[in-house]
Amino acid sequence: MITLTLIRHGESRDNPKGIWAGWKDAPLSALGERQAEALGIAFDTSSTIFTHFYASDLKRAHSTALAVIRNHAEPKPPLTVTQLLREQHFGIAEGRPWTPRPGSSNKTPEELYSEGIFPELFDRDAKFPQGESPNDLARRAEKAIRECILPHLFDKSQDGAHIGLASHGLCLAELISALLRLDPESDSTKSYRGHWNTAWSRIEISQREQHGEVNGLDALPSLRVRLLAFNNHEHLASLPPPASENDKARAFFSGAEVAPEVPAIASQ
C-alpha cells in the first residue's frame, strides 16, 4: 500500500489575470509564495512525512514543491521534476484572455480566434491549435501514474511509501479520475474536481491482486483506490483571500466545472 498526496500550486502571477495559462510559465505571486510556505509549515506541524516527491517543471508547481520540502523534517524526500505533471497546454490561446464557453454562436472557432476570442471548448476531444484536449491531458495523466506512482506500489521494499505530487488544477482532476478508474468498485458518478491554490487531496492505493512489474505503457492494473481527503485548504485560514475578479477563470483552472456564459457571443 502507498499514500499519495496531490497538491495544487500556489497562486501564480497569471491567476488573477484571467488568461489562458497552461504551459505559460509564470512564477508564484507574493500571495502564492505565502500559500506555499503555509502549506509546508502545516505539513511539518502535522508530522507529515513524504518519502518521495514529484512536481511539474513549471515554476508555480516546482516552487510550491520546494516550499514543502524546505519545511520538511530530515531526511527530506528526493524531488523528481517532470513535464508529465504540467497543466493542459492551450496552444495558440496561451496568454490570451480566458472566455467562458458561449451558450451558442454562429461563428466558427477560427472566426472567434481571429477576433482574439478564445472561449472554453465544449467536448473532451476539442483543443486549440497546437494545444492539448482534455482527453490528451487524461492520457498524459495515465502515463504519469505509470511512471511516477505505480513503480512505488509494485516495489515491495516501498510498502507504506508516501508520495507528494505538486501539479495543476486541471491535471490534478484528470489524475484523480484516472486513479479512481483503476478501482472497479469506485463510484464513477462522483466528480472530484476543483482545488484551491495549494489545496491538497490524499489517496490510498493498494493492489487487489498480485501483478508483475510495470513495463512500458500497457493497460493499467485493477487496484483498490481510496480517497481520504479532497481539496483540504485549512492552512490558508490566516491568509488573505485571492482577488475576487475573474472568479470564473479561477474556477476553471482549479479544475471545477464552469457553466456556459449567457448571453451567447453575438455574431455580426
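Cys148 counts as buried, at 4% relative accessibility, where buried means under 20% relative accessible area with a 1.4 Å probe and protein chains only. The model is predicted, so local features need pLDDT of at least 70 and side-chain atom pairs count only at pLDDT 80 or more, while totals for chains, interfaces and linings use all residues. Residues are numbered from 1 along each chain as its sequence is written, and side-chain values use heavy atoms, leaving out hydrogens and water.

**Cysteines**
- Cys171 is also buried, with a relative accessible area of 0%.
- The structure holds zero disulfides, a disulfide being a pair of cysteine sulfur atoms within 2.5 Å.
- For the sulfur of Cys148, the closest cysteine sulfur is that of Cys171, 9.8 Å away and therefore too far for a bond.

**Second largest pocket**
- This pocket holds about 320 Å³ of space, the volume being that filled by probe spheres set on grid points joined across faces, edges and corners.
- On a 1 Å grid over the protein atoms alone, a pocket is an open set of points where a 1.4 Å probe fits, with protein on both sides within 12 Å along at least five of seven lines; lining residues have an atom within 4 Å of a point.
- Its lining comprises 18 residues, and Arg8, Trp196, Asn197, Pro242 and Arg250 lie nearest the centre.
- Both α1 (30–45) and α6 (247–253) supply at least two lining residues, helices being DSSP runs of H or I with at least four residues, numbered from the N terminus.
- The most is given by α6, with four residues.

Terms used. Buried means under 20% relative accessible area, exposed over 50%, partly exposed in between (1.4 Å probe, protein chains only).
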